[in-house]
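Here is a briefing on one protein chain, for use beside its sequence and coordinates. The points are grouped by topic.

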Amino acid sequence: MRKTLFSFMLTLSLLAAAIFGPLPAGPAAQGFEPTGFEVTAEGAMLVSLDTGGVLYQKNIDQRLYPASLTKIMTSVLLIENTVDLDAETITVSWEALHDLVGTDSSTAGLKEGEVLTARQLLYALLLASGNDGANATAEHYGGGNIERFVQMMNDKAAELGMSGTHYANPHGLHDENHYTTVEDMYKLVRHAISLPVFMEVASTVRYKLPATNKSPERTLVTTNYLQDPSNAVYYKGTSGVKTGYTDSAGRCLITTNSRDGYNYLCILMKCPVYNDRHQKIRQEFPESRNLYNWAYRNFAYKSLLSPAEPTGEVELELAWNKDHLTLLPESEFSAIIPKEADSSTIRTEIHLEKEKVDAPVEKGQVMGYATLIYAGEELGQVNLVASESVKRSTPLYLLRQLKNMTRTLWFQVIAGVLLLLLIAFIILRIVASRRRRRMRRVRNYRRF
């Protein structure tokens, strides 16, 4: 029940951020540099799920191998292509298991001919990280063809804007053509955790898989030790998302953590597998914990712009008694920033659609946007809107139209022709007048 409630609240916070907050399509800021510890992961990101603000990032565009993080995409496609997770059944084939022989890969212990529901298979994917479950999923939803399912994975990646990703299999075993980036994983996870059933499963620590036609009841245990209270590295508030490991990919870990109303997502890829003495190590767990602790100690959620407070103005024309229009933020803008930061350390840059706007203007009409910057890094953007409605002045509008008309080529041509005709008329009148005077003088002379 607690995990279900958490997944619901996390999904709700993500959707609220997407609607009300400045959640970007992708991370924009460089983030801040943590102190007191080293991040040994080759690629990393710590991001607020409440605002989309990036607190820390490292090599987010670098091509890396995802290992079993691949199963996030496999699970997403399972969920989105299933009408009823408890009614849909999948049969594990010999081919799905034989494909993994000799790979020494993680499995959920599935057997040939075993029948599971889609929901049970989802637990085998996300908790036990079973490659057998991944192959069984791919076969079933790919219409008996794993390669067809892999194409579905790549199509979904393109749909989510994962431009640095290419899938070659549904499980994550090493392949040179199977790669992704930290930024792409962020896009995928944001989508995955918006599916309530995904986080319900991914945040489960232990799941009793009911007896099947081939196996008795068994317990699947999460591979994410940070969310397991019985493990020494347990970190309170952690839920999901997925672990991953191959020698080429290193140790990979994606988690969420929530505390005191704050929700964060941490992505670590290619953490070292061995220390200097070639002993196996697990750096992904303490490094995730260090990043979360750093965020909770040093950052706070602060309101930086309010719809009630003016933020800039724009020059106004065609209004009778007003030449400037006050602009307001379209919505409240909040961000996760260092606790010591205040409004004096935040720079607001105003970007207007036009330097001058004409009346009429409707209250709430978008006039541009404001960019907020802290320590040289962009925190986000918010639209700027008109603070009031302003009517157009008819006399000023007609005067504008008259001025505009005088600038047109046709008006100038016609005016020029009329002027020439007027001059010609005047000249003709003068000539005619002189002729009449001469005629009068001639008549007068003849009389004498």
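**Ser105 and its surroundings**

The side chain of Ser105 makes a polar contact with the side chain of Asn131, at 3.1 Å. The model behind this briefing is predicted. Its mean pLDDT is 89 for the protein, and 91% of the residues reach 70 or more.

- Ser105 sits in the loop between helix 3 (94-98) and strand 4 (115-117).
- Ser105 counts as buried because its relative accessible area is 18%, under the cut-off of 20%.
- A further polar contact links the side chain of Ser105 with the side chain of Thr103, at 3.0 Å.
- Leaving aside residues up to four places away in sequence, Ser105 touches Leu100, Asn131 and Leu173.

**Nonpolar cores**

- The largest nonpolar core holds 63 residues, of which Ile72, Leu188, Phe198, Ile254 and Ile267 touch the most other members.
- Helix 4 (residues 118-126) gives the most to this core, with seven residues.
- Another core, of 48 residues, lies apart from it, and includes Phe285, Leu291, Leu318 and Val390.
- Ile267 touches Gly43, Ala44, Met45, Val182, Met185, Tyr186, Leu253 and Ile254, not counting residues up to four places away in sequence.

**Helix 2**

- Helix 2 (residues 70-80) is mostly covered, with ten of its eleven residues buried.
- Among the buried residues of helix 2 are Thr70, Lys71, Thr74 and Ser75, as well as Ile72, Met73, Val76, Leu77, Leu78 and Ile79.
- Ile72 of helix 2 is buried, and Ile72 is also one of the residues that touch the most other members of the largest nonpolar core.

- Five strands make an open sheet in the order 2-1-9-8-7, and their pairing is antiparallel.
- Strand 2 (54-58) and strand 7 (238-246) are the edge strands, each pairing on one side only.
- On average, neighbouring strands of this sheet are turned by 5° against each other, with direction ignored.
- Helix 9 (residues 284-298) packs on the sheet and touches strand 1 (43-48), strand 2, strand 8 and strand 9. The direction of helix 9 makes about 145° with that of strand 9.
- Eight bridges pair strand 8 (residues 250-259) with strand 9 (residues 262-271) in the antiparallel sense.
- Thr256 has Leu265, in strand 9, as its bridge partner.

- Strand 11 (residues 313-317) and strand 12 (residues 324-329) run antiparallel and are joined by three bridges.
- Glu313 stands opposite Thr326 of strand 12.
- Six residues lie between strand 11 and strand 12, which form a hairpin. Leu318, in the turn, has a positive phi of about 70°.
- Leu318 also belongs to the core of 48 residues.
- Strand 12 is joined to strand 17 (residues 377-386) by three bridges, and these two strands run antiparallel.
- Pro329 stands opposite Leu384, which is in strand 17.

- The pLDDT is below 50 over residues 1-9, a stretch with 13 contacts in the model beyond near neighbours in sequence.
- Over residues 11-29 the pLDDT stays under 50, and the model has 45 contacts for these residues beyond four places in sequence.

Definitions and conventions:
Residues are numbered from 1 along each chain as its sequence is written. This is a predicted model: local features need pLDDT of at least 70, side-chain atom pairs count only at pLDDT 80 or more; totals for chains, interfaces and linings use all residues. Side-chain values use heavy atoms; hydrogens and water are left out. A nonpolar core is a set of buried Ala, Val, Leu, Ile, Met, Phe, Trp, Tyr and Cys residues joined through side-chain atoms within 4.5 Å. Buried means under 20% relative accessible area, exposed over 50%, partly exposed in between (1.4 Å probe, protein chains only). Helices (H or I, at least four residues) and strands (E, at least two) are DSSP runs, numbered from the N terminus. Contact means heavy atoms within 4.5 Å. Two strands pair if DSSP finds at least two bridges between them. A polar contact is a pair of N or O atoms within 3.5 Å; within protein, one must be able to donate a hydrogen and the other to accept it, and residues adjacent in sequence count only if both atoms are side-chain atoms. Axes are lines fitted to C-alpha atoms, for helices over the stretch in contact, and angles run from 0 to 180 degrees between N-to-C directions. pLDDT is the predictor's confidence in each residue, from 0 to 100.
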